[in-house]
Amino acid sequence: YQTITGYLNSNQEPAYTFKGTQGDIVTISAEAGFDSNLALKGPDGNVLITNDDSANSINPMIEFFTLPTTGEYTIILRGYSADSLGTFTLSLSKGESNFDRTTPITYGSTFKGHLDAGAQVAFTFTGNAGDRISVTLESNFDPNLLLRDDQGNLVTQDDDSGGRLQPALTDFRLPRTGNYVLIVDAFSETDQGDFTMSLTAR
């Protein structure tokens with residue numbers, strides 16, 4: 001986990017490099033007193049992904065992005081306008097973000113876990129386009145369930161479809177083939193407890 005604090009002058013585009021390994025999952029975020037956006041360039045210099053506003057604010061975040069190759073990557077921070085200036089904090093985390101842990105799972109598996117207050121638990125699985133997946137969750141608190149693809153995009157989410165404040169995904173069709181991240185968190189930052197999650201597909 002790395003954090004950099006800097007100052008953006010007008011017409012500047014600060015760039016920072018890091019070494020990544022194919023398959024690493026990274027989260028990059030920026031906090032600034034101005035409207036900013038982030039871009040991530042791959043080892044070949046091409047822009048892989050950009051983000052402007054995320055996390056319910058004007059601050060950008062590239063979340064749970066899977067690095068396609070091994071090599072040196074470049075993070076670029078830009079102000080929304082040429083005269084944007086001010087202090088900023090840039091954060092890079094690999095693999096876990098604010099997860100307790102990331103656990104690989106497969107279709108037909110059931111996992112018993114524990115969610116700490118204010119945390120998230122993540123599960124990774126590989127699916128094919130058109131797979132119809134179902135996820136059930138049983139707990140003694142009010143959890144949320146989020147599904148993201150390997151680009152960090154939110155595919156779907158649910159809060160209470162399973163009844164008794166429990167989330168569920170039922171026969172959800174995966175939009176494409178690739179790796180997915182299932183995330184369990186709580187409706188309240190103070191909620192915590194044990195849970196049982198099952199993933200099936202047909």
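Author: Among contacts in the protein chain between residues at least 6 apart in sequence, 74% join residues at least 24 apart. Contact here means heavy atoms within 4.5 Å. This is a predicted model, where local features need pLDDT of at least 70 and side-chain atom pairs count only at pLDDT 80 or more, while totals for chains, interfaces and linings use all residues. Residues are numbered from 1 along each chain as its sequence is written, and side-chain values use heavy atoms, with hydrogens and water left out.

Reader: What makes the protein chain as compact as a globular protein of that length?

Author: Let us begin with its make-up: the protein chain has 0 helices and 17 strands. Both are DSSP runs numbered from the N terminus, with helices being H or I of at least four residues and strands E of at least two. The globule rule is 2.2 Å times the number of residues to the power 0.38, and the radius of gyration is taken over C-alpha atoms. For 202 residues the rule gives 17 Å, and the chain has 18 Å, which is close, so the chain is as compact as a globular protein of that length. Along the principal axes, the C-alpha atoms fill a box of roughly 50 × 35 × 25 Å.

Reader: Why is Ala129 called partly exposed?

Author: Buried means under 20% relative accessible area, exposed over 50%, and partly exposed in between, with a 1.4 Å probe and protein chains only. Ala129 has 44% relative accessibility, so it counts as partly exposed. This residue lies in the loop between β11 (120-127) and β12. Ala129 touches Leu174, Pro175, Arg176 and Thr177, not counting residues up to four places away in sequence.

Reader: And why does Gly23 count as partly exposed?

Author: The value for Gly23 is 43%, so Gly23 is partly exposed too. Its place is the loop between β2 (15-20) and β3 (25-32). Leaving aside neighbours within four places in sequence, Gly23 is in contact with Thr66 and Leu67. Over the protein chain, 47% of the 202 residues count as buried.

Reader: What makes a group of residues a nonpolar core?

Author: A nonpolar core is a set of buried Ala, Val, Leu, Ile, Met, Phe, Trp, Tyr and Cys residues joined through side-chain atoms within 4.5 Å. The largest one has 20 residues, and Phe123, Phe125, Val135, Leu182, Phe195 and Met197 have the most contacts inside it. β11, β12, β13 (143-149), β16 (178-186) and β17 each give two or more residues to this core. β16 gives the most, with 4 residues. Apart from this core lies another, of 19 residues, among them Val26, Leu38, Ile49 and Phe65.

Reader: How do you know that β12 and β17 pair?

Author: Two strands pair if DSSP finds at least two bridges between them. Here 7 bridges join β12 (residues 132-139) to β17 (residues 193-201), and the two run antiparallel. In β17, Ala201 is the bridge partner of Ile133.

Reader: Why are β10 and β15 said to stand at the edges?

Author: The open sheet has 4 strands in the order β10-β17-β12-β15, with antiparallel pairing. β10 (109-115) and β15 (168-173) each have a single partner strand, so one side of each is left without a neighbour in the sheet.
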